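This report covers salt bridges, a cavity and a surface patch. Please look over the chain before reading on.

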Amino acid sequence: MNRRRTSVDQPSPPVTMGRWNRIVVIVVGILLVTWGGPAASAFWSTVSSSNFAAAKADTVNQGAKPTAAVGLAGSVTVTWTASTTAAGKSTTGYSIARYASATGGTRVGAAGTCTGTVAALSCTDTAPTGTWYYAVTPMLSLWQGTESLRSTGSVVDATAPGAPVITAPAYVTTANVSNVPVTGTAEANSTVVLTVTDAGAAHTVTQTRTANGSGAWSATTLNLTTFNAGTITYSARASDAAGNTGVPGTASSVKDTTVPTVTNVQLSNGGANQGKVEKGDKVTLTFSEALDASKMCSAWTDNTTTQTLDDDNQVTVSVTSADILSVSATGCPTLKLGNVDLGSNYTSQTLTYRGTGTNASVLEWNPSAKTVTITLGALVSGSPIGATQSADNAAFTPTSGLTDIAGNALSTSKFTSATTSRF
């Protein structure tokens, strides 16, 4: 009886020598990769396409020592020559690292365009401040060569200067608007760019200055005549020689070039007899804007609340035979006000008014109302004319040195009231 041979009985095809060699090459190559892992530098490379598939071991050569050139703001350009394998095969990329020392130390992967695998022969790192030594490792697929010798040290300054300090006047006034003084301090020998703007940046002035070895700098003539009234903003940035630019320092001023003026002089009766100069009568001076209280009385340091002198015998009001009224006070080391021409003929001799308690003369400045009020105290010398005087146009002549809060000077020209008044 004939039996049919099954497939398991059929002999396997013979393994040819070429196929066997290929199997050996693959196995050995796998072993090399397994022993060395991704960092292995040796690998098998076929040298024949025949059935024998001849192969030999190849290695990635050590990387070439790179050069490093420091640029601006922490940039370092690293350059190197191409690497090959021992058999002359070109590598496909490079890994760039930096170290904080010429030997040893911790490997730090470079940043910037030097991150990861670099196909080119140069890249630019963004390094922090310090001295850095660069090394290049050539790579071919899963294999890599030995890291190169390190470059010479590159001194990197990536630390930005601090914000400059700006010193500017609190107010830009008629006295300084064409030459506003601005100075400051910054990192020594740094370049300072100063930018000055008004509200909404409608006008801008820019200057570039250099801080000296101590860090001091100053702007040249700053003419802010065309700037709008209101807040003036100063901004300054410093850049060092390495190209690092820091955050800005700022300051501000208020531009006020409006000159204060006298707007009214009013006499009012506070005594028993209208038309006669006596205790309780008042002179009220009104201004276009609030004045600097300290310029009137050096003891007044508050520009927001009413300031008063009314102690016993502290304020003396004098009226000359020419009907010119003035004030002096023991409570002010320096008192500046001016003279009031009463207009009518109240006296033919000098009169003096002061006293104690409710009889004291009073000098008051009200910044909200923008008024100076002089109240006559008790008569202590002289005799006023007894006849009733008619209303007239009183006048005020300010003394030199009075200013508004910004510092604009009050004119010393005589102001005559457009309306008549009397005590």
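Asp 341 is partly exposed, because its relative accessible area is 23%; buried means under 20%, exposed over 50% and partly exposed in between, with a 1.4 Å probe and protein chains only. This is a predicted model: local features need pLDDT of at least 70, side-chain atom pairs count only at pLDDT 80 or more, and totals for chains, interfaces and linings use all residues. Residues are numbered from 1 along each chain as its sequence is written, and side-chain values use heavy atoms, leaving out hydrogens and water.

The side chains of Asp 341 and Lys 414 form a salt bridge at 3.5 Å, N to O. A salt bridge here is a side-chain nitrogen of Lys or Arg within 4 Å of a carboxyl oxygen of Asp or Glu. The pair joins distant parts of the chain, 73 residues apart: Asp 341 sits in strand E25 (residues 338-341), Lys 414 in the loop between E30 and E31. Strands (E, at least two residues) are DSSP runs numbered from the N terminus. Lys 414 is exposed, at 51% relative accessible area.

Arg 107 and Glu 147 also pair, at 3.3 Å, N to O. They lie 40 residues apart, Arg 107 in the loop between E5 and strand E6 (108-109), Glu 147 in the loop between strand E10 (143-144) and strand E11 (154-156). Arg 107 is partly exposed at 39%. Glu 147 is partly exposed at 23%.

How many salt bridges does the whole structure hold? The search finds 4. One of them links Asp 125 and Arg 98, at 2.7 Å, N to O. Asp 125 is in strand E8 (residues 122-126) and Arg 98 in strand E5 (residues 93-99), 27 residues apart. Asp 125 is buried, with 0% relative accessibility. Arg 98 is buried too, at 5%.

## The cavity

Which residues line the largest cavity? They are Met 296, Trp 300, Leu 335, Lys 336, Leu 337, Leu 363 and Val 372. By class, 6 are nonpolar, none is polar and 1 is charged.

## The nonpolar patch

Tyr 171, Val 254 and Ile 405 form a nonpolar surface patch with about 200 Å² of accessible area together. Ile 405 lies in the loop between strand E30 (395-398) and strand E31 (415-416). Ile 405 is partly exposed at 32% relative accessibility.

Methods:
Patch = residues over 30% accessible without salt bridge, like charges linked within 9 Å, V, L, I, M, F, W, Y side chains within 5 Å. Areas by Shrake-Rupley, 256 points an atom, 1.4 Å probe, with all protein chains shown as cover. Helix = DSSP H or I, 4+ residues; strand = E, 2+ residues; numbered from the N terminus. 1 Å grid on protein atoms, 1.4 Å probe; cavity = no way out; pocket = protein on both sides within 12 Å on 5 of 7 lines; lining within 4 Å. Nonpolar A, V, L, I, M, F, W, Y, C, P; charged D, E, K, R; others polar.
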